[in-house]
Amino acid sequence: MKLMFAGLRWAAGVFICLSAAASRADETANLEFQARELLKRRCHACHGAEHKYEDLEVLDRDGLIEDGYLTPGDPDDSRILQVIEGDEMPKGGPPLSAAEKELLRRWISEGANFPTFAERKKLGLEHLLTTLKKRLDQEGDEATRRSLRFFTLLHVYNDPRVSDDDLRLYRAALSKAINSVSRAEEIILPAALDDEQTIYEVDLRKLKWPNPREAWLRIVDRYPYGLRLDGLSDRALADAARQVYAAAGSDLPYVHADWFVATALRPPLYHDLLGLPKTLDELLADLDVDDEQDFLDALAGKPNRLVRGGVIDSGVAEFNRVLDRHNLGAYDGVFWISHDFLGVEGRRNIMSSPFGPKLQSAAHPFPQLAYEHDGGELIASLPNGLHLYLLIDAEGNRLDAAPFGIAQDDVLKASGDATIVNGISCVACHRHGMISFQDQMRGGVALAGATRRALEHLVPPQNELERVLTEDQDRYLTALEKAIGVFFAPPGGRLEHQMPVVLLEKAIGVFFAPPGKELSLEEMRRLEEPVYFVARRYNQSLALTDAVVELGVVEQGAANLAIAEQTLREKIENIARLGQRGLVPLINGDRIKRADWESRDRAVSLYQLVARELRPGAVPVHLGVRPDAAGLRESIAALAAEISKVIREEEQREAAVGAISGPTRFPASVGSLLAKTLEEELDKLGVAVAKGAAARAAALEIKGDYGINDNGPDNPRLKLILRVFRTRTIDEVWSEQLEIEAPDEEFLTALVGPSTPASADQEDVLGGAEAPLVKVIDRHSVANSASAEHVVQILKKSGDRFIPCEVTVDKDGHARVRLKRGDVFRIRIINKSAGFDAAAAISIDGLSLFEFSEYKEYSRVILPRATRDAEGGVAPQPRDIRGWHVTNNVSDEFVVTDFAGALAVQLNRPPEQVGTITLQFAHAWRKGETPPPGERDPDTVTRGGDAGTGKGERIEARYTEEERFIGRNRSALTIRYEIDESPANLPPKT
């Protein structure tokens with residue numbers, strides 16, 4: 001049987017109908033549910049939602065037990081029951097009935113468990129990326145596509161400890177937070193993109209931010225959970241990520257919704273997004289409020305826009321407080337400002353000096369009775385009806401937080417402690433808008449004559465004050481209902497609790513509107529404040545389970561939390577740098593601070609550090625890391641000054657900035673950053689940077705290489721070499737090298753991306769902190785060393801044959817071969833190991849060998865181990881890669897084109913990877929074979945001049961599909977190929 005409650009308010013317990021055949025398990029489940037609902041209805045408002053009396057979460061079973069309030073199985077030893085049965089609680093309300101007390105006693109006797117909720121299907125990266133890709137593909141307008149940004153609750157949804165009720169609060173908090181930093185005239189509801197309501201979109205233009213794209217950059221600059229996923233070994237996910245980034249025009253078009261709620265409503269983001277000025281006077285001008293004239297009109301008894309009240313103890317301010325209300329002139333709304341004090345002596349006492357503040361002009365009729373305040377809080381209507389907040393000092397300068405001596409929050413602690421932080425603390429406290437108060441000035445100030453009349457003009461009777469307070473509360477709650485009401489009014493008007501036998505149709509004490517009906521203002525007042533709920537949970541310290549959920553380990557195939565926790569525990573135990581960054585407490589059963597989890601003091605947050613170990617190929621996004629750091633911009637500016645001299649000496653006014661390339665073991669992410677910085681510095685010096693077709697025709701081109709010089713573990717340096725070439729003759733006109741000292745490895749990682757090694761045992765084979773060393777063998781073969789197991793040759797077509805190209809090594813240790821436009825080439829890979837097969841990941845210009853394949857799941861080519869002859873000699877079995885894989889029978893030849901014709905350029909891939917052939921080798925073994933030494937988890941990582949590679953003729957190329965376990969990368973090398981621009985190959989001059 002279902003019970004339907006429509007608009008009824010119940011003061012008694014929860015009524016549930018059970019069949020006579022209900023099992024013992026069903027009865028227990030119903031008891032747990034009723035107990036939770038009773039505590040939520042009668043206790044949670046003060047001990048959870050608002051924490052009016054102490055820092056106690058009554059719905060946190062573990063916390064109740066830990067703090068000594070609850071002893072499962074022993075009601076008489078449970079403090080929570082003692083205060084309820086003794087009618088000490090709830091304060092300010094009727095005591096619980098005998099039946100309700102008995103319900104709680106029986107609940108504690110039977111273990112004091114809260115109900116478990118039906119487990120939701122875990123949703124992972126595939127769900128996120130495919131949902132975003134589908135939405136962006138559907139949007140035909142490019143401007144709209146690039147204005148869409150997304151907020152995800154996937155990690156919250158995947159947490160089995162989060163109930164469906166809680167998810168409503170998360171969704172409501174997101175909407176309230178977005179609209180609390182909006183300048184739009186209307187409430188903008190984030191739109192759910194999936195049936196599970198875990199991914200929401202907002203068109204940034206609708207928020208009326210002056211520069212939406214710049215605002216989003218400010219958001220993600222502070223985001224510690226950013227990861228680029230287009231380098232994942234799962235090609236389908238990597239491709240989806242790449243398409244999402246391209247369509248959205250952002251490397252990071254989505255953020256965690258709970259992070260946004262907890263961060264966007266506190267400085268600096270809160271001030272930045274709302275564009276709050278740094279002084280009160282500037283804000284008053286924006287809002288069209290003349291506070292001084294309003295004050296003088298009120299004193300004179302003229303029709304005015306000011307109402308005042310005052311209290312001796314506000315509960316937040318340490319001392320007396322004055323509150324002034326003005327009407328806005330800019331739009332329909334109100335403006336409240338408090339004047340707060342550091343004491344009550346002299347001019348700080350509002351009962352003896354009620355006519356503050358002191359005015360700049362001489363028009364004040366009672367300057368001798370003007371108080372002198374020390375700061376204040378400002379609350380103003382936003383155009384959409386919600387509020388903006390500002391904290392100020394005595395001079396009206398904007399503050400991030402209230403000084404402790406003036407005001408503090410010992411109850412809610414919405415900021416994480418008792419500090420009142422602008423935005424987040426104000427939103428949590430003013431859950432219904434303005435808070436009603438009992439004025440003490442009108443009846444408490446001893447004045448007579450003109451001063452008494454002026455006071456009565458200024459401070460209205462309490463009933464008038466209550467009227468405007470109620471009016472302002474209703475104005476705010478009406479806007480709030482539009483922002484969050486929909487999340488509490490599901491189809492059918494029900495809040496569904498999954499129970500074994502019975503489905504309770506409505507949670508008592510929390511009201512949900514029936515279909516087609518908005519929540520009433522009274523119902524809005526009864527709802528828990530969602531931003532505070534989310535921020536309080538978010539700011540708590542993290543246990544291992546919390547880290548697992550946020551990292552997404554749960555959705556990576558783990559059957560349950562226990563398995564997922566073990567996965568993370570093993571990573572922390574086996575990878576030294578994770579333990580060194582402070583993760584050991586997690587595996588010891590302790591917690592780590594949220595601030596430590598997010599800290600980017602060393603550029604890579606702890607979350608990002610762990611995430612890239614769990615998802616090989618994921619790259620931390622660091623939009624906040626700029627070349628200005630560690631003196632890079634200053635040094636590049638110095639080089640730009642030298643380059644500008646060279647350009648002028650060559651009698652030129654412009655130059656093209658080409659690729660700035662780095663070591664193979666790093667993704668090519670910093671090259672474009674350094675190139676862009678160089679362009680900016682040249683522009684400052686009046687040097688034009690040629691783009692597009694003009695770049696190809698420019699007489700001069702600037703190219704570069706970067707790497708890491710290892711000057712000891714505590715002194716790594718970023719090395720940058722820039723060169724200026726004459727483009728027609730390839731003459732080097734100028735070259736300069738600089739080295740920049742960097743603070744530590746993590747800072748370098750932020751600049752150049754994570755290195756390929758997953759553990760210390762790989763550092764030697766992948767080059768350590770140096771750029772990868774290459775060894776040329778017999779002029780045509782290249783490897784990491786003379787004894788390397790894996791060797792590579794580049795073969796170019798000559799008539800009907802393919803002959804090896806000569807390989808050279810430049811002074812920076814990079815392998816190079818020269819080809820001509822139109823050359824067809826192949827890649828020959830050789831496995832010299834007789835012990836194990838090898839698996840090679842191959843990319844050309846940053847594109848996987850299988851980029852155009854009909855088999856998107858392919859990622860590597862298997863190289864059989866070498867055979868041994870009768871004398872014990874080794875006979876390798878070379879493998880020729882003839883072209884881009886299409887099917888297992890045909891390939892498209894590799895053919896050299898100019899830069900513009902390269903497939904990678906046409907696909908908008910990173911230009912600095914064009915002109916490179918990159919190979920990474922790992923061991924491979926069949927199911928049932930003993931893995932090679934040092935292999936634990938199959939782990940694959942795929943990474944990626946003036947020449948590029950296109951498609952040539954379709955040719956026959958035989959492949960067979962094989963299933964293997966793939967180990968960690970054992971070696972990696974890159975060969976740079978360049979167009980041979982010797983005089984014989986140059987086009988004739990025109």
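Predicted model: local features only at pLDDT ≥ 70, side-chain atom pairs only at ≥ 80, totals over all residues.
1. A helix crossing is called left-handed if the near helix is turned anticlockwise from the far one by less than a right angle. With the term in hand, we can begin with a pair of helices: α9 passes α12 in a left-handed crossing.

2. Let's stay with this pair. Helix α9 covers residues 164-180 and helix α12 covers residues 257-264. Their axes come within 9 Å and cross at roughly 45 degrees. Angles under 35 degrees count as roughly parallel and 65 to 115 as roughly perpendicular, and α9 and α12 are therefore oblique to each other.

3. Which residues of α9 meet α12? On the α9 side you will find Tyr-170, Ala-173, Leu-174, Ala-177 and Ile-178. Facing them in α12 are Ala-257, Asp-258, Phe-260 and Val-261. Sorted by class, this contact has eight nonpolar residues, no polar ones and one charged.

4. Helix α6 (residues 125-138) and helix α11 (residues 235-248) have axes that come within 9 Å and cross at roughly 40 degrees. That angle makes α6 oblique to α11. The handedness of this crossing is left-handed.

5. Who does the touching here? From α6 come Leu-125, Glu-126, Leu-129, Leu-132, Lys-133 and Leu-136. From α11 come Leu-237, Ala-240, Ala-241, Gln-243, Val-244, Ala-247 and Ala-248. The class count for the contact of α6 with α11 is ten nonpolar, one polar and two charged residues.

6. Next, the sheets. Six strands form an open sheet, and their order is β6-β7-β8-β9-β10-β11. The pairing in this sheet is antiparallel. At the edges stand β6 (306-311) and β11 (398-399), each of which pairs on one side only.

7. To count as buried, a residue must have under 20% relative accessible area. Gly-375, Glu-377, Ile-379 and Ser-381 point one way from the strand, while Gly-376, Leu-378 and Ala-380 point the other way.

8. What lies on either side of β9? Strand β8 (residues 334-340) pairs with β9 in the antiparallel sense over four bridges. Gly-376 has Ile-392 of β10 as its bridge partner.

9. The turn of the hairpin deserves a look as well. β9 and β10 form a hairpin with five residues between the strands. Within this hairpin, Gly-385 takes a positive phi near 100 degrees.

10. The other sheet has four strands. It is open, its order is β2-β3-β1-β5, and its pairing is mixed. β2 (191-192) and β5 (254-256) each have a single partner strand, so one side of each is left without a neighbour in the sheet. The partner strand β3 (residues 199-203) pairs with β2 in the antiparallel sense over two bridges. In this pairing, Ala-191 stands opposite Glu-201.

11. Two single residues show how the chain brings parts of itself together. Glu-282 lies in helix α14 (residues 280-287). Its relative accessibility is 40%, which means that Glu-282 counts as partly exposed. Glu-282 and Asn-397 are 115 residues apart in sequence, yet their C-alpha atoms are 9.9 Å apart in space.

12. Our other residue is Ala-401. Where is it found? Ala-401 sits in the loop between β11 and α16 (424-429). At 28% relative accessibility, Ala-401 counts as partly exposed. The C-alpha atoms of Ala-401 and Ile-420 are separated by 5.6 Å, although the two residues are 19 residues apart along the chain. Leaving aside residues up to four places away in sequence, Ala-401 touches Leu-391, Thr-419, Ile-420 and Val-421.

Notes. Residues numbered from 1 in each chain as written. Heavy atoms only, no water. Axes fitted to C-alpha atoms, helices over the stretch in contact; angles between N-to-C directions. Parallel < 35°, antiparallel > 145°, perpendicular 65-115°, else oblique. Contact = heavy atoms within 4.5 Å. Nonpolar A, V, L, I, M, F, W, Y, C, P; charged D, E, K, R; others polar. Pairing = 2+ DSSP bridges. Buried < 20%, exposed > 50% of the residue type's maximum accessible area, 1.4 Å probe, protein only.
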